[in-house]
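User: I am new to this structure and would like a close look at a single part of it. Please take one stretch and describe what surrounds it.

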Amino acid sequence: MTSLAASAAAAAAAEVTHLTQRDAAEIDEQLMGPLGFSVDQLMELAGLSVAAAVAEVYKLSEHTRVLIICGPGNNGGDGLVAARHLYHIGYRPSVCYPKRTPKPLYSGLVTQLESLSIPFIHAEDLPYDLSREFDIIIDAMFGFSFHGTPRPPFDDLIQRLVSLSVIGNSDKRPAIISVDIPSGWHVEEGDVNGGGIKPDMLVSLTAPKLCAKKFTGPHHFLGGRFVPPPILNKYGLKLPPYPGTSMCVRIGKAPSVDISSLRENYISPELLESQVMPDPFDQFLRWFDEAVTAALREPNAMALTTVNKEGKPSSRMVLLKGVDKQGFVWYTNYGSHKAHDLSENPNAALLFYWNEMNRQIIVTLNYDWVSTTLMHPVIFIHEGTCSLIPKPEYWGGYRLTPRFFEFWQGQQSRLHDR
Ligand SMILES: NC(=O)C1=CN([C@@H]2O[C@H](COP(=O)(O)OP(=O)(O)OC[C@H]3O[C@@H](n4cnc5c(N)ncnc54)[C@H](OP(=O)(O)O)[C@@H]3O)[C@@H](O)[C@H]2O)[C@H](O)CC1
Ligand SMILES: [K+]
């Protein structure tokens with residue numbers, strides 16, 4: 001992160017209220033006393049927040065294997081709940097729960113995980129090299145009631161996470177996510193001697209505790225979307241709004257990324273000529289129906305590129321208004337920039353980008369697909385005409401009618417004459 005970005009993130013995070021250990025415990029008591037909540041309820045929401053934050057940052061396709069280390073208190077309970085939600089999202093959780101609390105709430109959570117065949121691993125049976133076995137480790141050992149120095153077996157477990165976090169390259173080791181407090185940190189002072197866990201993600205619950213000011217990892221989230229106005233008002237809490245239906249919200253800025261290093265590992269389904277329909281429009285309609293069924297957002301949105309008479313191109317998103325064997329149709333008013341371009345120069349191109357389905361459709365009048373370096377199976381439809389569908393009013397329709405089409409997957413491609 002640049003120093004500018006870091007100070008912006010720090011400023012954004014600083015606007016959020018940070019709680020003392022005493023206030024955190026008091027809020028907990030009030031929620032579960034006069035405000036009518038039960039611990040099960042709050043724990044369920046806390047654990048769900050943790051799972052949601054993990055899923056928001058750590059994509060399932062690259063981080064499947066999750067170890068959740070649970071402590072003896074409610075922080076450990078949050079971990080057990082998170083394990084269940086992560087399982088249902090599609091992750092493969094394993095749980096290390098060395099000091100089980102003999103209360104129905106906790107034994108119920110354990111039974112639920114056992115019914116999902118989630119493995120429980122004894123602390124002494126954890127693999128020597130955690131990096132080889134796990135993509136994510138969730139630290140749910142201690143929360144805001146931690147005091148003193150960690151006692152066995154948590155002292156060793158914390159040390160294992162400390163040694164992992166000193167491996168610089170986070171691509172080579174599991175991501176470490178701490179629930180509410182990085183375990184072993186002083187709840188208010190943070191990592192006092194600098195030898196503690198350095199998590200990649202912290203999921204603060206209800207409100208961040210004072211130690212969270214010392215968190216320097218890339219991902220700080222807030223969870224526990226249950227704080228009612230009496231608590232907000234009494235403690236003067238300033239908390240960020242949760243977006244939409246989300247169970248978590250990022251605090252501070254997302255880390256800046258090196259755009260050139262961003263690359264999805266596409267798992268492209270095979271697209272063989274033998275699998276596609278002989279007519280590209282039939283194939284388009286089949287894919288379009290599949291995109292609608294998969295609830296893709298606006299599968300009818302397409303990038304339209306036009307070129308003016310000086311040969312200068314411009315692109316924008318428009319909506320597909322119709323498709324038949326004659327071509328793809330969109331509307332615009334005659335005064336628009338694109339209509340102006342098309343009146344001067346009938347060359348145009350369309351692109352449907354259905355990323356979630358690993359699919360694209362490129363409709364172009366220019367046989368120049370080699371410049372495209374994409375990993376999705378693509379249908380190219382090209383070399384044709386773009387024509388105006390005159391309308392009496394001030395707006396018109398345009399139709400792009402291609403002449404050739406091509407299916408492309410990896411290095412395979414073949415040109416077809418319609
Ligand atoms: N309102 C909320 O925000 C909610 C938060 N939740 C989560 O609950 C934790 C706080 O839970 P709590 O049970 O009060 O405490 P902890 O989980 O932090 O741990 C308490 C147990 O840990 C033992 N302990 C304490 N210090 C040590 C130590 N140095 N070594 C070993 N063990 C230690 C302690 O034992 P003691 O004998 O020392 O008392 C307890 O057994 C909060 O952080 C959130 O994660 C709720 O889930 C939902 C509501
Ligand atoms: K923790």
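**Pro72 and the helices around it**

Leaving aside residues up to four places away in sequence, Pro72 touches Lys99 and Thr101. The model is a predicted one. Pro72 is found in the loop between β1 (65-70) and α4. The C-alpha atoms of Pro72 and Leu109 are separated by 13 Å, and the two residues are 37 residues apart along the chain. Leu109 is one of the buried residues of α5.

Next comes the helix that holds Leu109. The 12 residues of α5 should span 16 Å at 1.5 Å a residue, and the end C-alpha atoms of the helix are 16 Å apart, which agrees. Which residues of α5 are buried? They are Tyr106, Leu109 and Leu113. Seen down the axis of α5, these buried residues fall within an arc of 60°, so they line one face of the helix. An α-helix has 3.6 residues a turn, so residues three or four places apart point the same way. The face of α5 turned away from the buried side carries exposed residues, namely Pro104, Ser107, Gly108, Thr111, Glu114 and Ser115. The cover over the buried residues of α5 includes α4 and β2 (92-96). After α5 comes Ser117, whose phi is positive, near 60°.

Two packed helices are described by the angle between their axes and the distance between the axes. For helix α4 (residues 74-89) and helix α5 (residues 104-115), the axes come within 10 Å and cross at roughly 25°. That makes α4 roughly parallel to α5, since angles under 35 degrees count as roughly parallel. The crossing of α4 and α5 is left-handed. On the α4 side, the residues that meet α5 are Gly77, Leu80, Val81, Ala83 and Arg84. They meet Leu105, Tyr106, Leu109, Val110, Gln112 and Leu113 in α5.

Helix α4 also packs with α3. The axes of α3 and α4 are 7 Å apart, at an angle of about 55°. The two helices are therefore oblique to each other, and the crossing of α3 and α4 is right-handed. The contact is made from α3 by Val39, Met43, Glu44, Ala46, Gly47, Leu48, Val50, Ala51, Val54 and Ala55. From α4 it is made by Asn74, Gly77, Asp78, Val81, Ala82, His85, Leu86 and Ile89.

Helix α3 leads on to α2. What covers the buried residues of α2 includes α3 (39-57) and α8 (229-234). Helix α2 (residues 21-32) has 12 residues and reaches 17 Å between its first and last C-alpha, close to the 16 Å expected at 1.5 Å a residue. The buried residues of α2 are Ala24, Ile27 and Leu31. Seen down the axis of α2, they fall within an arc of 65°, so they line one face of the helix. The exposed residues Arg22 and Glu29 sit on the face of α2 turned away from the buried side.

As for the whole protein chain, there are 10 helices and 16 strands. Of its 418 residues, 34% count as buried.

Key:
Residues are numbered from 1 along each chain as its sequence is written. Chains are lettered from A and ligands numbered from 1 in the order in which they are written. This is a predicted model: local features need pLDDT of at least 70, side-chain atom pairs count only at pLDDT 80 or more; totals for chains, interfaces and linings use all residues. Helices (H or I, at least four residues) and strands (E, at least two) are DSSP runs, numbered from the N terminus. The expected span of a helix is 1.5 Å times one less than its number of residues. A residue is buried if 20 or more other C-beta atoms lie within 10 Å of its own, exposed if 12 or fewer, and partly exposed in between; C-beta atoms are placed from the backbone. The arc is that of the directions from the helix axis to the C-beta atoms. Two residues are in contact if their C-beta atoms, placed from the backbone, lie within 7 Å. Axes are lines fitted to C-alpha atoms, for helices over the stretch in contact, and angles run from 0 to 180 degrees between N-to-C directions. Angles under 35 degrees count as roughly parallel, over 145 as roughly antiparallel, 65 to 115 as roughly perpendicular and the rest as oblique. A crossing is left-handed if the near helix is turned anticlockwise from the far one by less than a right angle, and right-handed if clockwise.
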